[in-house]
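Visitor: I should like to learn how to read a structure of this kind. May we go through it feature by feature?

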Amino acid sequence: MTSVETLSSGPLFGLPLPDLWFGLIFVIFGTFLFLDGFDFGVGVLFATREDAEEREQFLAAIGPFWDGNEVWLVVFGGALFAAFPSVYANLFSRQYLLMFAILGALILRGLAPEMYEQRHDERWQRWWGRAFVGGSLATPLFLGMFTANWLLGSTTLVTLPGVLVGLTVVALTVVDGVAFLRLKTRGDVRADLQSDGYRALAAYLVLVVLSLVGIYLVAPGLRATMRSPLVLGLVVLTLAFAAVYALTTHRDRYYLAFVAAAGLVFGLVAVVATLLHPSIDPAAGLTVEAAVVPTLMLNLMSIGAALLLPLVAVYFVVLYSAFSGPIEAGESY
Amino acid sequence: MVDPVIASRLQFALTTIVHIVFPVVSMGLAPFLVYFTWKDIRTGEPVYEQLRRFWTRIFAVSFVVGTVTGIVLEFEFGTNFAAFSTTAGPLFGGPLAVEGMMAFMLEATFLGVFVFGRERVGDALYMISAVAVGLGTWLSAIWILIANSWMQLPRGYEMVSRNGEQVVHLVDPVAAYLNPRFFWMFVHMQNASVESVSLAMAGLAAYFVFRHHVWDHPVDHVRFWETTLKIAIVGLLLTAPLQVFHGDLYARHVYETQPQKFAAMEAVWETDSYVPEYLIAFPTSVESLLDPRAKEIFGIGIPGGASWLASGGDPQATIRGLEEFEGPQPPVAIVFWSFRIMVALGFWFVTLAFWSGYRWFRGELFEDDLLHKALMGSAPLGVFAVELGWIVTEVGRQPWVIQGVMKTSDGVSPGLSGAEATATLAGFAVVYLGLLTLYGYVIVRIVRAGPPDRADLATAETDPDATGVGADD
């Protein structure tokens, strides 16, 4: 078939598809971290609230969204598998126990709100509330460790820089969760969240600096890239987003604060991607070019992604506009 | 300490067997939910709102458990079967990625609107979300089965050496992804899902109908359960005969493309003609249970039946026996008995369908207590038959993970230790037991709470209890 021959002969429109797919993988990962991130953040903040009605509102806020948000993780896994199968295989099998810790935490986090709502006796809700908090804390912590191990090519699952990056991601999800909850609540609940936002942002900034210092110290190979204008620019951009977040939180500009939170998430993911590139699996010594699937498959996947991802964006616009604004009386998880 | 190969295989089997229940429920419920939503919007009759809201609750809970168990499966290709993923990934990963983008996304986003958004969106968008959720579940099946069918019948590829490993490269996407096996799997699986859900709905409804009409216990919402029963019987009448019909054609296709699997399904060891089909087979001894051989089976067979099945109508046709194939055989006992029980169940469901249809036609549907009991007892059997069918498909392909290309034992992650694999296997055994218990618990609670009362329906829907606990609870 001529069309198959054309698709096998070279990248579509001569585009640098391997690098575009590398970028796309991290855009998908960032989207996951931003969207499911606020679900995790809501879970962490849940621990700090005692009032049953306030807790109920937190759950109601994420109710329609979290499942769709979590699909971005599935798409991340699928896209990595499709475009860089050996990286997917190496990475997931090398971090075997960590992967299952992530899966266990996700099961707990996904199940807990559903169970919490089943019964209204105190003991039941206390324990499922704890499960919700535990899953919401553990998932970003482990994801951060996974990402750090990936970047540093570490075969040890628990390392100091890994734990620092993990805690950084936890703090980031709380920053994200506060911004989301301030969009979804009213009155005192909304006002009380303001100080949580400041604290989480401060914790994030401290942790992100510690993480970068840790990575600088343990990975001499990355030092040159870390001093490159691109990474320094991203750091400056992160500081700018942090300033916008603090200011908009102070002035109750909820949407802008949410956008700033997105900026912080994508900024961090962009730093990781920049430090990794052109390698994609340092532990196995694989570069993007060496790991990418052959031209035909890459072209087909590119066509698929170009057609489908804009549609997915439409689904999310429909979902988020159907449930825009604070939760209404009577709405529950 | 279990060997990492054995532990990985057991773990994949366990996690798949548990996971598949939830897609079956969501794919099977999807057409019913679309229908209930349509009728609710069009007629405004309270019973359809009750049907929609009750079955949406069940769907939502199943979807949550299906999501969390489904992510596990996607990750396990990498964690436990890294060698398989590296080798097959350049062809096999694509359908999984497209499944996520095309199907799972559609389903998960519109599910939010469908479950939480009745009061937030207009009728048209609400109807669209019902269809989108249903479409999403079925599209998911398409891409997963495209991937699986390639493992059964690999085509459109070449083996290439890359980074020091033999890997599969796609050369002909049409041959690889529009695999003839895919069509059989899709038809058989989707029909089975609707059939399984029809059986579960019918069994549940039969319980309440039985309590009310036969036992004379007061039952709330009798009309709701009667309507559920009737709709479920319609579903069963539409799907049960079809399932047997294309099951027969599918078996023939398996004989043509995977003769070793077919021989295991029939426990035929020596190549023979005029092979009987044992509709009912009894293990007369422990050996015949663990090592069934068609020649020695005690049972009621149709003379020439298996030959007829394999050849498409010729009872004299020759069937290639297992002895013709070199190397290790699939575990014949598991495949043989799973296939037998699945087929027997398929015929039992046809019987149930016609029995119920006949009673309904005669106006005796609510009086036949034996039928009610049969339906109650059969409620979980549809899902059970799906599990058996998948066991035939997957175990029957052994020792291959990709038929004729890669052995399952070669597909396991090379660096995986027995300790790690055993730890996660044990973890899953505990977690999934808990998961199934909780799922059962929630379903029972939903059923006991029953459909929403009339007072709660659309007209009286503003809940004074502000952020209150679940209008739907």
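Visitor: What radius of gyration does chain A have, and what would a compact globule of 333 residues have?

Guide: The radius of gyration is taken over C-alpha atoms, and the globule rule is 2.2 Å times the number of residues to the power 0.38. With 333 residues, the rule gives a value near 20 Å, and chain A agrees because its radius of gyration is 20 Å. Along the principal axes, its C-alpha atoms fill a box of roughly 60 × 50 × 40 Å. Please note that this is a predicted model, in which local features need a pLDDT of at least 70 and side-chain atom pairs count only at pLDDT 80 or more, while totals for chains, interfaces and linings use all residues. Residues are numbered from 1 along each chain as its sequence is written, and chains are lettered from A and ligands numbered from 1 in the order in which they are written.

Visitor: What confidence does the predictor report for chain B?

Guide: The score is pLDDT, the predictor's confidence in each residue, from 0 to 100. Chain B averages 90, and 96% of the residues score at least 70. Over residues 459-473 of chain B, however, pLDDT stays under 50. Where pLDDT is low, the predicted coordinates should not be read in detail. For the complex, the predictor gives an ipTM of 0.91 and a pTM of 0.91.

Visitor: How many residues of the two chains are in contact?

Guide: Two residues are in contact if their C-beta atoms, placed from the backbone, lie within 7 Å. On this basis, 64 residues of chain B are in contact with 65 residues of chain A. The elements of chain B that give two or more residues to this side are α2 (46-79), α3 (82-116), β2 (165-170) and α15 (418-449). The largest share, 25 residues, comes from α3(B).

Visitor: Which residues have the most contacts inside the largest nonpolar core?

Guide: In soluble globular proteins, nonpolar side chains tend to be buried together. A nonpolar core is a set of buried Ala, Val, Leu, Ile, Met, Phe, Trp, Tyr and Cys residues joined through C-beta atoms within 7 Å. The largest one here has 271 residues, and those with the most contacts inside it are A:A83 and A:V175. The largest share of this core, 22 residues, comes from α3(B). Leaving aside neighbours within four places in sequence, A:A83 is in contact with residues including A:W21, A:I25 and A:V292.

Visitor: How do strands β1 and β2 of chain B run?

Guide: Two strands pair if DSSP finds at least two bridges between them. Six bridges join β1 (residues 157-162) of chain B to β2(B), and the two run antiparallel. B:R162 has B:E165 in β2(B) as its bridge partner. The two strands form a hairpin with two residues between them, and B:N163 in the turn has a positive phi of about 45 degrees.

Visitor: Where else should I look at backbone angles?

Guide: Most residues other than glycine have a negative phi, and most peptide bonds are trans. A:F13, although not a glycine, has a positive phi of about 55 degrees. A:F13 is found in the loop between α1 (2-9) and α2 (17-46) of chain A and is exposed, with 8 other C-beta atoms within 10 Å. The peptide bond from A:H277 to A:P278 is cis, with omega near 5 degrees. A:P278 lies in the loop between α12 (254-276) and β1 (279-281) of chain A.

Terms used
Helix = DSSP H or I, 4+ residues; strand = E, 2+ residues; numbered from the N terminus. Buried ≥ 20, exposed ≤ 12 C-beta atoms within 10 Å, placed from the backbone.
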